[in-house]
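Please read this briefing alongside the sequence and the coordinates, which are shown just below.

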Number of protein chains: 2
Amino acid sequence: MHTDKGTIETGPNLLAGVSLPAAAVFEPALAHNLTWMQAFADAHGARLAPHGKTTMTPALFKRQLEAGAWGITLATAPQCRAAFAHGATRLLMANQLIGEPNMAIIADLIEDGAEVYCVVDSAANVAQLGRYFAARGLRLNVLIELGVAGGRCGCRDQTQVLALAARLQEEPALVLAGLEGYEGVVKADDGEPAAAIRAYAWRMVEAAQALEEAGLIEAETALITASGSAWYDLIAEVFHEAELGAPFVPVLRPGCYVVHDHGIYRQAQRGVLKRQPTLKQGLEPALEIFAQVQSLPEPGLAVVAMGKRDIGADQLPEPLRRYREGGAAEQTLSVAGWKVVKLMDQHAFVRLPAAADGSDADEVRIGDIVAFGASHPCLTFDKWRRVCRVDAALDVIEEMPTCF
Amino acid sequence: MHTDKGTIETGPNLLAGVSLPAAAVFEPALAHNLTWMQAFADAHGARLAPHGKTTMTPALFKRQLEAGAWGITLATAPQCRAAFAHGATRLLMANQLIGEPNMAIIADLIEDGAEVYCVVDSAANVAQLGRYFAARGLRLNVLIELGVAGGRCGCRDQTQVLALAARLQEEPALVLAGLEGYEGVVKADDGEPAAAIRAYAWRMVEAAQALEEAGLIEAETALITASGSAWYDLIAEVFHEAELGAPFVPVLRPGCYVVHDHGIYRQAQRGVLKRQPTLKQGLEPALEIFAQVQSLPEPGLAVVAMGKRDIGADQLPEPLRRYREGGAAEQTLSVAGWKVVKLMDQHAFVRLPAAADGSDADEVRIGDIVAFGASHPCLTFDKWRRVCRVDAALDVIEEMPTCF
């Protein structure tokens, strides 16, 4: 096999034939996460529309849909087009649709049979969309976004939501199909984030009920949708408790869960498990970047051939394991005390612990392969045109193209 | 035209038909920079091997070679393969070549007629390369890297350089073809960076002379090469003043110059012009990201549909100009007082100044197109599979694929 960044040959050894650095997704953890999150959504009476922007990897979209996902969430019109081109037909664009070229992309998808939802939060955008889709002779499903003061997009209160819904009635090309929100931008003034998230979810429920009571929901089935990868449990819980009933169906949109994380979302998941004691086992990190020691120029310093071009840098990567080049996947070497202290475009600086007892079984060598964990996955996937799916022995099962 | 992120149609208007966000390179500034840097290298008796990792855009490699560049510098074996596949035949891999799959890529390129140089800084890597290339029946040009204490890769002093050169003599498959360094990791203990850079360049000159005097240089023409995009003038100056003569030829490797920068390297370029008063005019920023206002949820806040997925985030992007969607490129609107305060994966938060005089000529509207400057270009190019080359009127001249 051949990638833009390297050459890949499926083989029986530790990433044998793979040009490093390379990104690998472990099948056992991937399979676990797919099942886990679908079961979570099912248990809460919610549909799952995983956020596809995380991976933009059609092979993973396929797995998510096969595991029971209702649709795929995307952030932009070109992302919707890419997902549809690879078989995802129900697309939730959890973002405003702005600009005629982007509207044209979505209109083309609708003509081709896609079921698309996008988000509105302003009369100006409603007018633009109404005009464009009317001219195309198409109808677009829109969700009104409810945001929070000091947050990102979205109406700031229920009054604005209702006013925008009323404005939507004037646009025959637009179908009000529900309410959208994103709790990831909610700030807790009193340091009680869980309470603030719950309060926001209840505000969404109330706004949805107000829309329904005012007879402004047009779609037969309407969506109430929120949730990123950190607080999805609280969103699911509130939407479940609310027992909204028809026409509303809750839709959850976590994205990172599919390969989970070694940093911020792993921390967030600890919070989920603490809040939800009935969940016995959590998500498992499935994505690792493999790279090689290229230089040992000074005692205590290894330079690894991996940089911001290869791995997310919102947090510094975490060394997980080490292998001897040409060795077997079972024969791991220690990275105890290894710490990434700096990341350049193509290089990582790793601080090594002082040599301990003169034993050199774990001596670092040029060419040693180091597995790194990253945070968060969205900004690691987008560094790669292809990602390897591997088994526990690091045999490459599949080469998965990305479509950023 | 069709890109992964959007749809592009060449047209007579302001990026007409281009799905935003999009990355654009302005032809006038690009042409200026290409000529400028080549003239700079020529004036200093140096060859130019622009660092291709910055853009990984074959159409730009072609322009650099047509403008007189001697070769293209790359950071990894897959980058070398991509450049060669697009017509660059002289490849300077300014990095260690680690791992058999990467060695295989370079060996294949040599078999296919490429002239390749790579860098060594350890006996272990010399042994690995010697063994691999001997087994392939090929000879590989290597440059010894001279680094600095506390820096990145590279031998730390001349003694190590000479020892490694002696070790190289035992590997018939390896040809010592010069000395490599990177002044970008030099730290000035006394706060005099220019003096520290000069001192480093002179250390490189001395090490090159020592190699030559010891009869360890094997290539008929040997390279002495350094320089990133901030201090290339001092490197060029010292290599020029040194009058090394045969077999040494200085090679400069700046990368960012081709589209220049709106942040750190623009600042660095001011330093170049201050140090080099004979240079009348400097480089010009040529790369901009165009994105649209998607939400105006609160007074003083615009959310723009552009994020870390679209633009380098080492520094926050700088709003440069604004256009009305559907307007003309000449009709720019003010972004005075606009400030990006936060960048998420797909969104930028822009703080707007308080409305001044009640005039709404410059009123912000949903759909307004904002041009942003980024720093630095390496981490903006790698967000795109295609970049638009545009003229001053923002007509798209060419769609340039990248090959990250």
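Predicted model: local features only at pLDDT ≥ 70, side-chain atom pairs only at ≥ 80, totals over all residues.

**The interface between chain A and chain B**

- The contact between the chains draws on 68 residues from chain B and 68 residues from chain A.
- The size of an interface is often expressed as the accessible area that is lost when the parts come together.
- Between chain B and chain A that buried area is about 5100 Å², and carbon and sulfur atoms give 47% of it.
- On the chain B side, the residues that lose the most area to chain A are B:Arg152, B:Arg309 and B:Arg385, which together make up 14% of what that side buries.

**Helices 1 and 2 of chain A**

- Helix 1 of chain A, covering residues 27–43, packs against helix 2 of chain A, covering residues 58–66, at an angle of about 45° and with the axes 10 Å apart.
- From helix 1 of chain A, the residues A:Glu27, A:Leu30, A:Ala31 and A:Leu34 take part, and they meet A:Leu60, A:Arg63 and A:Gln64 of helix 2 of chain A.
- Sorted by class, the residues of this contact between helix 1 and helix 2 of chain A are 4 nonpolar, 1 polar and 2 charged.

**Helices 7 and 8 of chain A**

- Helix 7 of chain A (residues 193–213) and helix 8 of chain A (residues 232–241) have axes 9 Å apart and pack at an angle of about 40°, which makes helix 7 of chain A oblique to helix 8 of chain A.
- The crossing of helix 7 of chain A past helix 8 of chain A is right-handed.
- Among the residues in contact are A:Ala194, A:Ile197, A:Ala201 and A:Trp202 of helix 7 of chain A, together with A:Leu234, A:Ile235, A:Val238 and A:Phe239 of helix 8 of chain A.
- By class, this contact between helix 7 and helix 8 of chain A holds 10 nonpolar, no polar and 3 charged residues.

**Helices 5 and 6 of chain B**

- The axes of helix 5 of chain B (residues 123–135) and helix 6 of chain B (residues 158–168) come within 10 Å and cross at roughly 20°, so the two helices are roughly parallel to each other.
- Helix 5 of chain B passes helix 6 of chain B in a right-handed crossing, and the residues that touch are B:Ala123, B:Val126 and B:Ala127 from helix 5 and B:Leu164, B:Arg167 and B:Leu168 from helix 6.
- That contact comprises 5 nonpolar, no polar and 1 charged residues.

**Two loop residues**

- A:Trp231 sits in the loop between strand 8 (222–226) and helix 8 of chain A, and, leaving aside residues up to four places away in sequence, A:Trp231 touches A:Glu183, A:Pro193, A:Ala194, A:Ile197 and A:Arg275.
- The C-alpha atoms of A:Trp231 and A:Tyr182 are separated by 9.9 Å, although these residues are 49 residues apart along the chain.
- B:Thr76 lies in the loop between strand 3 (72–74) and helix 3 (77–85) of chain B, where a polar atom of the B:Thr76 side chain is 3.1 Å from the backbone nitrogen of B:Gln79.
- Not counting residues up to four places away in sequence, B:Thr76 touches A:Gln346 and B:Met93.

Key
Residues numbered from 1 in each chain as written. Chains lettered and ligands numbered in written order. Heavy atoms only, no water. Axes fitted to C-alpha atoms, helices over the stretch in contact; angles between N-to-C directions. Helix = DSSP H or I, 4+ residues; strand = E, 2+ residues; numbered from the N terminus. Parallel < 35°, antiparallel > 145°, perpendicular 65-115°, else oblique. Left-handed = near helix turned anticlockwise from the far one by under 90°. Contact = heavy atoms within 4.5 Å. Nonpolar A, V, L, I, M, F, W, Y, C, P; charged D, E, K, R; others polar. Polar contact = N/O pair within 3.5 Å; in protein donor to acceptor, adjacent residues only side chain to side chain. Buried area = accessible area lost by both parts, 1.4 Å probe.
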